[in-house]
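Hi everyone, thanks for coming.

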Amino acid sequence: MTPPPHLLTVYRSIDNLLAYAQDYLDLDARDITLTRNRIFEIFSLDSYPGAQELQALLEGNAHVEPTHSGRPDGVLTDFLDACEKAALIEPHGRAAMADRVMGILSSPPSTIRTKFAALNASAGGRAAMEWFYNYGVANDYVKRSVLDRNPRFESHGLIITINLAKPEFKDPRTAASGNSLAGGYPKCTICPENEGFAGRSKATLRTVPLRLAGQDWFWQFSPYGYFKQHGIAVNTEHIPMHIDEATFDRLMDFIDAFPGYFIGCNATLPRIGGSVLGHDHYQGGLETLPLHTTPARQSYASEEECAVVLESVEWPGSVLRIVGSDRAAVARASYGITRAWNTYTNERLGIIPRDSEGQHSGVSPTCVHTARGYEMNIILRSNITSERYPQGVFHAHPEFFPIKQESIGLIEAQGLFILPARLQRQLALLARALEEGRDLPEELPEFAMIFAEMRQLLGKACDKESVENAIRAELGSVCARILENTAVFPSEEDTESFLAECGWYPRDAQN
């Protein structure tokens with residue numbers, strides 16, 4: 001029996017998906033019939049005419065094969081359009097259906113891990129990661145088509161992006177639980193049990209194992225990554241984030257295994273420690289962030305740790321860098337600074353490490369490997385609040401909230417700012433007002449200071465390009481000042497005073 005006409009394009013789109021999966025998702029030709037039937041099962045389809053007859057039935061119908069080159073956008077959009085036109089899905093069900101079908105087309109975790117291990121053994125960790133990332137793009141877990149639309153530019157030595165894919169994260173209370181859902185399975189959003197879990201649209205999620213400091217961890221790429229090959233290393237155990245001496249060994253294990261990558265850990269504190277504190281994990285990727293190449297302001301030496309150098313970094317925030325080729329010495333020195341900072345009190349600067357509300361001081365370590373050896377950047381953080389700054393003394397100050405109110409986490413602290421999607425509309429309104437020489441739009445009173453600074457940057461110019469440049473310059477300036485807000489030490493003298501208590505003293509630049 002010939003299928004109804006409205007199903008013919010559905011069948012063709014499914015066959016196109018199967019061909020795509022053979023080319024890019026390692027779908028074995030011997031599994032085509034089984035895989036097709038699994039997709040048919042979703043819609044209770046039972047009238048497929050076969051590939052050759054389907055081609056004959058569709059002959060004469062105008063159709064342009066979607067291009068993909070390793071990205072599923074075109075072929076997947078054709079499938080969803082056909083399903084929607086045939087009333088098999090509702091418009092709001094497109095994302096869930098895409099995840100479900102691409103999960104069926106993707107290789108099982110065992111196959112992924114076997115190939116990753118083989119590539120790692122034969123070509124090295126960098127090549128294995130490259131393949132794994134490309135697979136994540138091909139199976140639509142990594143949303144490259146969305147990521148490529150995010151505005152991105154450099155200003156004031158920082159990288160500025162506007163995240164169009166995700167809403168602002170303003171509630172630090174959810175971070176402590178790891179954004180867990182009612183029901184307790186999986187326990188949080190990054191537990192290993194999320195692999196293939198439909199309840200969080202993770203049918204396409206695949207992970208690969210890691211061995212860090214003798215423990216089992218795993219790696220997964222972020223679907224909405226903020227930088228090149230952005231991913232997370234996750235403890236297989238659901239335990240809260242913490243930083244101990246082994247943390248620094250794990251970070252160095254990772255960059256040893258995957259040359260060219262950086263990896264770091266958010267401070268384990270609410271308000272400044274990222275969106276998932278309930279499950280131990282790190283963030284990293286294949287990108288050089290601004291902090292990684294920032295020079296030293298002052299070098300320090302210690303009689304106890306002669307194998308490493310400590311540097312204060314020329315950076316708006318407060319960053320100390322431990323440099324050396326001796327891994328054990330780098331780990332010891334890094335942990336020594338961490339312990340000292342976690343108990344350091346300076347009432348003049350408003351630094352209170354702990355009170356009745358809990359711990360307020362912590363560090364965000366981040367590690368790269370360079371010609372000098374291991375470079376462990378230790379970002380000193382505090383989430384202490386005050387009556388004047390109820391959301392954090394060392395947080396973005398209220399005058400900058402129109403641009404960035406979210407936590408200044410590990411990534412921003414390294415110089416890559418992720419700004420909220422609402423800014424695209426708001427900045428467009430400001431740009432129009434500047435171009436037309438009008439006053440601040442009434443609907444954006446919170447931008448009064450920022451608008452005035454933009455106008456000052458413009459001077460008499462008001463053409464489109466000048467306005468765009470002024471907006472970018474202002475965003476960079478604001479983000480640099482936000483980093484200054486996070487600095488726990490406003491001067492090198494303050495840094496030196498703290499380090500003296502830790503047994504580190506300025507050394508002659510020639511030594």
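**A helix pair and a glutamine**

Let's begin with helix 1 (residues 5-24) and helix 5 (residues 94-105), which pack at an angle of about 50° with their axes 10 Å apart. Axes here are lines fitted to C-alpha atoms, for helices over the stretch in contact, and angles run from 0 to 180 degrees between N-to-C directions. Helices are DSSP runs of H or I with at least four residues, strands are E runs of at least two, and both are numbered from the N terminus. That angle makes helix 1 oblique to helix 5, where oblique is what remains after under 35 degrees (roughly parallel), over 145 (roughly antiparallel) and 65 to 115 (roughly perpendicular).

Who makes the contact, meaning heavy atoms within 4.5 Å? Helix 1 brings Leu17, Leu18, Tyr20 and Ala21, and helix 5 brings Val101, Met102 and Leu105.

A quick word on the source: this is a predicted model, with local features needing pLDDT of at least 70 and side-chain atom pairs pLDDT 80 or more, while totals for chains, interfaces and linings use all residues. Residues are numbered from 1 along each chain as its sequence is written, and side-chain values use heavy atoms, leaving out hydrogens and water.

At 0% relative accessibility, glutamine 414 counts as buried (under 20% relative accessible area, 1.4 Å probe, protein chains only). Its side chain makes a polar contact with the side chain of histidine 292 at 2.8 Å, and another with the side chain of threonine 366, also 2.8 Å. A polar contact is a pair of N or O atoms within 3.5 Å; within protein, one must be able to donate a hydrogen and the other to accept it, and residues adjacent in sequence count only if both atoms are side-chain atoms.

Methods:
Contact means heavy atoms within 4.5 Å. Buried means under 20% relative accessible area, exposed over 50%, partly exposed in between (1.4 Å probe, protein chains only).
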